[in-house]
2 protein chains.
Amino acid sequence: MSDYKKRSEIIIRKLRQSGLKMTPQRLAIVNVLAKSEGHPSVEDIHARLKKEFPTMSLATVYRNIVLLKSLGEVLELGFPDGSNRYDGNRPFPHPHLICIKCKKILDPDLDSLEKMKKEVESETNFRILSHRLDFFGICSACLSEKV
Amino acid sequence: MSDYKKRSEIIIRKLRQSGLKMTPQRLAIVNVLAKSEGHPSVEDIHARLKKEFPTMSLATVYRNIVLLKSLGEVLELGFPDGSNRYDGNRPFPHPHLICIKCKKILDPDLDSLEKMKKEVESETNFRILSHRLDFFGICSACLSEKV
DNA sequence: TATTAAATGATAATTGTTATCATTTAATAC
DNA sequence: GTATTAAATGATAACAATTATCATTTAATA
Ligand SMILES: [Mn+2]
Ligand SMILES: [Mn+2]
Ligand SMILES: [Zn+2]
Ligand SMILES: [Zn+2]
């Protein structure tokens with residue numbers, strides 16, 4: 001079974017366990033999130049499903065995102081300009097690499113973050129519960145596009 | 001001369017060099033930003049100046065924040081829920097420690113971040129230009145308030 | 001004091017998200 | 001298969017932080 005199929009079955013199992021109805025729209029949204037390698041926006045998801053569900057409302061996408069967040073199965077990357085993006089594969093805080101040109105968002109490997117969290121906790125008297133780390137820059141594809 | 005006075009004079013010098021008018025409202029906003037130890041919101045700034053300028057418009061605060069950002073003299077900490085905060089003392093990217101209970105925001109000392117940036121740049125082919133790092137948790141004051 | 005470009009105050013417009021509500025539908029029992 | 005019912009959907013209004021607009025005021029300069 002493919003990775004995305006595994007991931008979407010995990011989410012669907014969680015939905016069933018919560019006693020929620022499995023509508024075609026809901027299943028399609030889950031599949032887009034599980035299949036996506038990137039970090040789609042609500043608009044991306046809605047546009048992707050426009051052919052299969054020509055009458056699907058944006059509100060339905062928003063509602064299902066809220067639901068999946070509450071179940072801990074999707075991570076919201078909120079941005080102050082409202083261009084929010086979603087990670088349905090790694091629904092826990094992790095660093096992101098954001099291209100300011102093409103808006104692509106990648107998941108880099110980074111293991112020094114836990115160390116940093118400990119450093120902060122010992123220097124201050126905070127109890128750290130979560131974090132958000134974004135690196136902004138230009139991706140390799142956009143770098144090589146320079147004329 | 002106090003630290004905040006030094007900081008506000010730096011900002012005011014930059015404003016004069018840019019050929020901008022020095023209005024009482026503008027000076028007051030700069031002083032609030034330079035004096036603040038924390039990270040005030042637009043509403044905070046507006047409320048702080050309500051007594052001195054009873055007719056000051058929120059738009060004036062927003063306009064001056066936009067101006068100071070464009071001059072590189074204030075750092076905006078934008079949050080997806082619109083509760084934006086401003087740092088007029090360290091107008092460059094740096095980590096923040098955010099109490100989710102009392103909304104206090106602190107500037108921790110952290111020197112391992114540059115290392116992390118280099119790690120990311122060498123592992124990927126991104127050119128990193130900026131970053132944003134927030135730790136969310138409970139501050140010591142709120143921890144000891146537990147009943 | 002007169003001139004003028006910039007700043008201000010008041011408020012309308014904008015935009016991503018949430019709320020509302022009538023209609024449809026998935027799940028369950030019979 | 002049919003009936004029942006609570007949940008989900010689609011359409012759209014409401015919301016709220018920010019930005020734009022515009023008439024009026026004012027800082028800077030001569
Ligand atoms: Mn991710
Ligand atoms: Mn700061
Ligand atoms: Zn790119
Ligand atoms: Zn606190």
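This is a predicted model: local features need pLDDT of at least 70, side-chain atom pairs count only at pLDDT 80 or more; totals for chains, interfaces and linings use all residues.
Local features need pLDDT of at least 70, side-chain atom pairs count only at pLDDT 80 or more, and totals for chains, interfaces and linings use all residues. Residues are numbered from 1 along each chain as its sequence is written, chains are lettered from A and ligands numbered from 1 in the order in which they are written, and side-chain values use heavy atoms, with hydrogens and water left out.

Start with chain A. It has six helices and five strands. These are DSSP runs, numbered from the N terminus: helices are H or I with at least four residues, strands are E with at least two. Along the sequence the pattern reads α-α-α-α-β-β-β-β-α-β-α. The C-alpha atoms fill a box of roughly 50 × 50 × 35 Å along the principal axes. Of the 147 residues of chain A, 44% are buried. Buried means under 20% relative accessible area, exposed means over 50%, and partly exposed lies in between (1.4 Å probe, protein chains only).

Now the metal. Five residues of chain A donate to the manganese ion (ligand 1): A:His39 (NE2), A:Asp87 (OD), A:His94 (NE2), A:His96 (NE2) and A:Asp107 (OD), at 2.1 to 2.2 Å. Donors are N, O and S atoms within 2.8 Å of the metal (3.2 Å for Na, K and Ca); water is not among the atoms, so sites may look incomplete. The spacing along the chain is H-x47-D-x6-H-x1-H-x10-D. A:His39 and A:His96 link distant parts of the chain, 57 residues apart. A:His39 sits in the loop between α2 (24-35) and α3 (42-48), A:His96 in strand β3 (residues 96-99). A:His39 is buried at 3% relative accessible area, and A:His96 is buried at 0%.

Next, the interface. Here 38 residues of chain B are in contact with 38 residues of chain A; contact means heavy atoms within 4.5 Å. The area buried between the chains is about 3200 Å², and carbon and sulfur atoms give 70% of that. Buried area is the accessible area (1.4 Å probe) that two parts lose on being put together, summed over both. B:Met116, B:Phe126 and B:Phe135 supply 21% of the area that chain B buries against chain A, more than any other three residues. A salt bridge is a side-chain nitrogen of Lys or Arg within 4 Å of a carboxyl oxygen of Asp or Glu. On the side of chain B that touches chain A, β5(B) gives the largest share, twelve residues.

A:Thr124 belongs to this region. It lies in the loop between α5 (113-123) and β5 (127-138) of chain A. Not counting residues up to four places away in sequence, A:Thr124 touches B:Leu97 and B:Pro108. A:Thr124 is buried, at 19% relative accessible area.

Finally, the salt bridges. One joins A:Asp134 and A:Arg132 at 2.9 Å, N to O; both residues are buried. Another pairs B:Arg7 with B:Glu73, with the closest N and O atoms 2.8 Å apart. B:Arg7 lies in helix α1 (residues 3-17) and B:Glu73 in the loop between α4 (58-70) and β1 (75-77), so the pair ties together parts 66 residues apart in sequence. B:Arg7 is buried at 11%, and B:Glu73 at 9%. B:Asp107 and B:Arg90 meet at 2.6 Å, N to O. B:Asp107 is partly exposed at 23%, and B:Arg90 is partly exposed at 36%.
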